[in-house]
Amino acid sequence: MSGAKILKISPMSNDESKWVALDKIEYQDQSGKKRVWEMCHRTSRKGDCDAVAIFCILSATKDKPRETLLVSQFRPPVGKLTFEFPAGLIDENETAEQAAVRELKEETGYFGVPRDTSPIIYSDPGLTNANMKLVVMDVDRSLEVNQNVVAVPDEGEFIDVFHIPIDNLYSFLIEKEKTTHAVDARLLHFAYGLCVASKL
């Protein structure tokens with residue numbers, strides 16, 4: 001993935017775009033003044049939620065602590081490698097939990113069981129109405145299905161999978177942000193929340 005790079009950035013009209021579109025919102029603020037806001041939205045939404053992100057908990061073994069999985073991939077909008085939760089869009093007639101099971105298997109090769117699901121949350125509400133749910137999943141490493149796992153990413157996805165001890169998640173991300181990677185804000189906020197909670 002180190003060979004990925006930006007070749008050109010140019011304007012695009014909504015007629016050309018496949019996944020997102022730009023909108024003009026005309027609204028009235030609390031004082032009664034009419035205003036205009038620019039936003040983009042996903043054109044792929046099939047229900048009330050666009051996507052899932054997955055915080056998975058890999059069971060401890062005799063020689064490994066509890067770990068979570070992160071994915072690293074080149075993201076053209078930021079022009080560099082990123083660390084993110086495993087994630088993906090929800091297909092038509094698919095629940096968030098079903099999407100999470102599917103995406104975890106595709107991106108990491110692991111089979112997980114959903115434990116909990118967040119309500120719908122918004123990724124960047126000043127820019128877009130794109131939304132998601134966070135699904136917490138348990139991955140039992142003793143199961144046969146989780147031995148010698150092989151990821152099956154979609155065409156055009158070049159993903160590296162990292163096993164990170166949960167207790168070291170925040171320090172790992174901070175170190176990588178200083179050296180090689182951009183870090184997804186939702187992931188870093190989550191990791192920092194775990195760090196803060198452990199000190200309360």
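The model is predicted, so local features require pLDDT of at least 70 and side-chain atom pairs pLDDT 80 or more, while totals for chains, interfaces and linings use all residues. Residues are numbered from 1 along each chain as its sequence is written, and side-chain values use heavy atoms, with hydrogens and water left out.

Thr-108 belongs to helix H1, which spans residues 96-108. Helices (H or I, at least four residues) and strands (E, at least two) are DSSP runs, numbered from the N terminus. The relative accessible area of Thr-108 is 5%, and the residue is therefore buried. Buried means under 20% relative accessible area, exposed over 50%, and partly exposed in between (1.4 Å probe, protein chains only).

The side chain of Thr-108 reaches two backbone atoms. One is the oxygen of Leu-104, at 2.6 Å. The other is the nitrogen of Tyr-110, at 3.2 Å. Beyond residues up to four places away in sequence, Thr-108 touches Leu-69, Val-71, Pro-86, Glu-103, Val-149, Ala-151 and Val-161. Contact here means heavy atoms within 4.5 Å.

The second largest pocket has a volume of about 230 Å³. A pocket is an open set of points on a 1 Å grid over the protein atoms alone, where a 1.4 Å probe fits, with protein on both sides within 12 Å along at least five of seven lines; lining residues have an atom within 4 Å of a point. Grid points are joined across faces, edges and corners, and the volume is the space filled by probe spheres set on the points.

The lining of this second largest pocket comprises 13 residues. Ile-166, Asp-167, Leu-194, Cys-195 and Ser-198 lie nearest the centre. Strand S3 (51-58), helix H2 (169-179) and helix H3 (185-199) each give two or more residues to the lining. H3 supplies the largest share, four residues. By type, the lining has nine nonpolar residues, one polar and three charged. Ala, Val, Leu, Ile, Met, Phe, Trp, Tyr, Cys and Pro count as nonpolar, Asp, Glu, Lys and Arg as charged, and the others, Gly among them, as polar.

Two asparagines remain. Asn-93 is not a glycine, yet its phi is positive, about 60°. Asn-93 sits in the loop between strand S6 (87-89) and H1. Its relative accessible area is 78%, so Asn-93 is exposed. Asn-148 also has a positive phi, near 50°. The loop that holds Asn-148 lies between strand S9 (131-139) and strand S10 (160-165). Asn-148 is exposed because its relative accessible area is 75%.

Key. A polar contact is a pair of N or O atoms within 3.5 Å; within protein, one must be able to donate a hydrogen and the other to accept it, and residues adjacent in sequence count only if both atoms are side-chain atoms.
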